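Below is a short briefing for a reader who has not seen this structure before. It takes up a helix, a sheet and a single residue in turn.

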Amino acid sequence: MIETQNIHVRLAQTEAVRDVTLRFEPGRLYGLVGPNGSGKTTLLRALAGLVAPSAGAVRIDDRALSSLSLSERSARIGYLPQARSISWDLTVHEIVQLGAQRFRDAEPRAAAALREVGLGDVAHRRVFSLSGGQTARVLLARLLATACPVLLLDEPLTALDPAWQRQVLGVLKAAAARGHVVIASLHDLGLAAAFCDDLCVMHDGSLAGFGRPETVFTPALLAEVFHLTGGFEVAGEGTRLHLGAHPLIP
Amino acid sequence: MKLWTILALSAAFLLILLMGMGEVALSPADYAEALRAPGSLAGEIVWQIRLPRNLCALLVGAMLGVAGAVAQGYFRNPLAEPGLMGVSGGAGLGAAVAIVLGLGLTPGAVEGFALLFAGGVSLIILAFVSRFPDRQALILLGVGLSSLTGALMALVFNLSPSPVTTAEILGWMMGSVENRSWTDAALAAGGLLLAALMLWRVGPGLRILTLGEDTARSQGVDLRQLAALSVVAISVLAGLAVAVSGVIGFVGLAAPHLVRGLGVRDPYRLIAPSGLAGGVMVLLADGAVRLLPTSTDIRLGVLTSLIGAPLFAFLAWKSAKEWVQG
């Protein structure tokens with residue numbers, strides 16, 4: 001379990017996250033959504049311990065994140081940054097093994113993570129020879145190989161085609177089902193509503209909504225936060241998010 | 001055969017081959033005598049002239065190769081080299097000051113001054129890194145410090161009391177391992193050992209840094225410690241290399257590239273083979289310097305720069321092509 005208690009995060013002169021209190025439980029996939037600049041990345045970085053809150057605290061399993069040593073923290077929280085920079089042309093397997101390096105059996109763990117993202121057959125290829133989408137999946141496999149109880153992902157669907165976006169969300173859902181806390185920032189509201197157990201909506205650095213997609217994505221919130229018309233509608237036996245074609249950008 | 005074995009065998013082969021090269025031709029009997037009686041004439045040539053020279057070539061090359069590999073790993077840039085932060089410039093300035101002060105012939109003085117100045121520059125860099133562990137900022141500081149040591153070097157030339165002194169500084173700046181002593185070899189070996197201890201801690205961090213600073217931090221890498229140890233290791237190696245042999249350009253840049261070209265891309269696993277490759281390169285260059293049929297000796301640093309500078313330009317060209325093509 002990881003939680004934030006009234007955290008504020010200042011970046012330069014701006015308050016990027018304002019008074020956010022949240023609690024994330026194991027076994028659930030959380031979608032972190034919000035327009036550009038709403039504070040999603042900053043909130044994820046604060047949860048990962050990469051930026052210190054200017055006020056409030058992040059706690060993991062009832063311990064203050066700031067009280068953990070670097071190695072304790074890295075064993076609990078895995079983080080996939082938005083920037084997909086790779087400096088050297090390592091093999092796919094070498095990169096994924098970086099995630100599992102704290103384990104004695106790093107090699108089989110890396111191999112399993114690669115299979116999970118459908119790249120078992122390119123393990124010995126050089127990473128610079130892969131497509132953007134494959135590279136994104138390699139980096140996701142590196143995160144999965146950390147086997148951390150909390151997995152934080154900043155826009156993991158970038159560069160993926162529609163089929164792999166769904167596949168990756170399936171992989172994240174499976175990780176949650178294995179008992180991980182999985183928090184991913186997403187831009188596709190339809191996918192977020194379809195796959196995530198709970199959504200956390202950020203708006204101008206503040207929390208605009210938190211809970212199950214059907215309860216969070218009200219027409220009023222969609223209009224106010226995302227400048228979109230829409231809401232949940234009955235589709236077959238369940239419901240699905242319907243979004244209007246024309247944005248309400250003032 | 002493993003890359004390690006090939007490089008180690010090449011270094012050993014060159015070391016032995018170069019023991020047979022020098023102004024005095026020695027017969028097998030002379031070598032036998034040198035082994036039996038180190039105090040004999042042949043013994044003096046083998047133990048006090050050739051072996052220290054060849055060992056210094058190997059060790060200086062190794063220091064430059066290791067420093068280059070760490071610099072490229074830390075700065076995450078294939079164009080980084082040990083002189084980037086201005087430590088080599090500081091060492092060169094120190095040596096020039098020692099020569100101007102008339103200490104050129106005092107044993108250990110030139111090396112001592114070079115180390116002192118390199119240490120001074122390193123302290124400035126370390127103070128900077130402990131506050132701002134940022135690679136880009138460090139490169140900018142390095143550009144500033146390199147320019148400053150260059151300007152001070154020009155001032156030393158400007159104020160040099162005689163053309164002889166100027167020529168002496170220039171000769172030293174061109175780099176050589178001629179007439180080096182066991183003290184120089186011990187200094188180089190000590191520097192390598194010290195750096196190895198630091199790099200043993202730094203290496204895994206450099207490897208994860210491949211995926212960027214956020215990923216490295218999230219996996220438990222202390223970036224401040226990584227920056228400090230990397231900078232100290234590069235400074236010790238680059239400063240000592242200049243103190244022992246003068247300026248030997250481009251080995252630090254080229255050795256890691258050579259090893260990368262042979263298939264090692266992991267910045268941690270690159271370090272030790274780059275050291276061996278650097279040693280092989282300087283041994284080869286020092287052999288070539290002795291073989292070149294010129295009336296005046298071509299200096300070692302001149303030769304490595306002559307070969308290395310076009311290589312650097314080529315690499316810049318190739319990198320630019322990759323960047324532009326995205």
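In this predicted model, helix H6 of chain B covers residues 135–159.

**Helix H6 of chain B**
- Buried residues in H6(B) include B:Leu138, B:Gly142, B:Leu145 and B:Thr149.
- Among the elements covering the buried residues of H6(B) are helix H4 (87–100) and helix H5 (109–131) of chain B.

**The sheet of chain A**
- In chain A, four strands in the order E2-E1-E4-E5 make up an open sheet with antiparallel pairing.
- Strand E2 (14–24) and strand E5 (63–64) of chain A are at the edges; each has a single partner strand, so one side of each has no neighbour in the sheet.
- Seven bridges join strand E1 (residues 2–11) of chain A to E2(A) in the antiparallel sense.
- A:Ile7 has A:Val20, in E2(A), as its bridge partner.
- Helix H1 (residues 40–48) of chain A packs on this sheet, where it touches E1, E2 and strand E4 (55–60) of chain A. The direction of H1 makes about 120° with that of E1(A).

**A:Arg109**
- A:Arg109 lies in helix H4 (residues 106–116) of chain A.
- Because 21 other C-beta atoms lie within 10 Å, A:Arg109 is buried; the cut-off is 20 or more.
- Beyond its neighbours within four places in sequence, A:Arg109 is in contact with A:Ala100, A:Phe103, A:Ala145 and A:Ala147.
- A:Pro219 is 110 residues from A:Arg109 along the chain, and their C-alpha atoms are separated by 44 Å.

Key:
Residues are numbered from 1 along each chain as its sequence is written. Chains are lettered from A and ligands numbered from 1 in the order in which they are written. This is a predicted model: local features need pLDDT of at least 70, side-chain atom pairs count only at pLDDT 80 or more; totals for chains, interfaces and linings use all residues. Helices (H or I, at least four residues) and strands (E, at least two) are DSSP runs, numbered from the N terminus. The expected span of a helix is 1.5 Å times one less than its number of residues. A residue is buried if 20 or more other C-beta atoms lie within 10 Å of its own, exposed if 12 or fewer, and partly exposed in between; C-beta atoms are placed from the backbone. Two residues are in contact if their C-beta atoms, placed from the backbone, lie within 7 Å. Two strands pair if DSSP finds at least two bridges between them. Axes are lines fitted to C-alpha atoms, for helices over the stretch in contact, and angles run from 0 to 180 degrees between N-to-C directions.
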